[in-house]
Amino acid sequence: MKTDPQIDFQGMEPSEAFREQILTQFKRFEDHYGRLTACRVVVKGPGGRHHTGGLYDIHIYLSLPDQREVAVERTPHLDERFQRFEFALNDAFNRAVRQLQDQVGEMRGKVKLHEEQPTGVVKKLLPEDGYGFLESADGREIYFHRNSVQERGFESLELGARVRFAEEQGEKGPQASRVTPLGDHAPE
């Protein structure tokens with residue numbers, strides 16, 4: 001990085017121990033991307049704020065080439081783990097690293113491609129037993145349990161309904177871990 005990170009403490013006295021922990025975490029950024037142009041970390045102490053009293057709030061701002069930025073500004077929810085500085089610091093830096101990885105990927109022309117979930121058709125329903133079977137696009141029979149059905153639920157499924165599903169290997173073969181109805185039926 002071209003300049004040292006700027007560290008601001010608000011609502012609390014500056015702490016050399018906290019500053020050292022921040023600088024140690026900052027090295028993670030350089031491991032992922034050494035061309036940061038600026039970094040600012042704001043530590044808001046667990047003062048008497050009405051909504052987040054007793055919690056550390058850490059904001060991170062990174063500048064990259066091409067006017068790209070990473071900003072972690074979310075105020076923590078009422079989660080007592082944020083009463084510990086180390087937890088709040090790790091949470092903020094983990095979120096910043098994920099955003100930095102996305103920005104660097106875009107800069108390098110890499111785009112995340114999400115694999116499309118497979119679709120299938122409900123072929124058997126056993127409502128009294130709480131399960132059924134799908135037929136996948138490649139003709140395989142895949143078990144699913146009532147708890148795997150999203151949205152309107154198992155009771156709303158009908159034979160022939162098209163669904164999108166996530167497949168995993170169960171004890172007795174393939175099974176759908178998440179079944180989402182698509183709202184239409186397979187052609188007859």
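A pocket, on a 1 Å grid over the protein atoms alone, is an open set of points with protein on both sides within 12 Å along at least five of seven lines, and its lining residues have an atom within 4 Å of a point. Grid points are joined across faces, edges and corners, and a volume is the space filled by probe spheres set on the points. Welcome to the close-up views! This is a predicted model, in which local features need pLDDT of at least 70 and side-chain atom pairs count only at pLDDT 80 or more, while totals for chains, interfaces and linings use all residues. Residues are numbered from 1 along each chain as its sequence is written, and side-chain values use heavy atoms, with hydrogens and water left out.

**Figure 1. The largest pocket.** This pocket has a volume of about 170 Å³. Among the residues that line it are Phe-133, Tyr-143, Lys-172 and Pro-174. Strand E7 (141–145) and strand E9 (173–185) are the elements that each give two or more residues to the lining; strands (E, at least two residues) and helices (H or I, at least four) are DSSP runs, numbered from the N terminus. By class, the lining holds 4 nonpolar, 3 polar and 3 charged residues. Here Ala, Val, Leu, Ile, Met, Phe, Trp, Tyr, Cys and Pro count as nonpolar, Asp, Glu, Lys and Arg as charged, and the others, Gly among them, as polar.

**Figure 2. The largest nonpolar core.** A nonpolar core is a set of buried Ala, Val, Leu, Ile, Met, Phe, Trp, Tyr and Cys residues joined through side-chain atoms within 4.5 Å. Buried means under 20% relative accessible area, exposed over 50%, and partly exposed in between (1.4 Å probe, protein chains only). Which residues touch the most other members of this core? They are Phe-29, Val-43, Ile-58, Ile-60 and Leu-100, out of 31 residues. Helix H1 (16–32) and strand E2 (38–44) are among the elements that supply at least two residues each, and H2 gives the most, with 10. Apart from this core lies another, of 12 residues, including Phe-144 and Val-179. In soluble globular proteins, nonpolar side chains tend to be buried together.

**Figure 3. Val-43 and Gly-11.** Leaving aside neighbours within four places in sequence, Val-43 is in contact (heavy atoms within 4.5 Å) with residues including Asp-8, Ile-22, Tyr-56 and Phe-85. Gly-11 sits in the loop between E1 and H1, and it counts as exposed because its relative accessibility is 73%. The C-alpha atoms of Gly-11 and Val-43 are separated by 8.5 Å, although the two are 32 residues apart along the chain.

Figure 4. A cavity is a set of grid points where a 1.4 Å probe fits but cannot get out. How many cavities of 30 Å³ or more are there? The count is 1, and about 40 Å³ of space lies in the largest cavity. Of its 10 lining residues, the closest to the centre are Ile-58, Phe-82, Ala-88, Asp-91 and Arg-95. E3 and H2 each give two or more residues to this lining, with 4 coming from H2.

**Figure 5. Thr-180 in its strand.** Is Thr-180 buried or exposed? Thr-180 counts as buried because its relative accessibility is 18%. This residue is found in strand E9. Not counting residues up to four places away in sequence, Thr-180 touches Gln-150, Glu-151, Val-163 and Arg-164.
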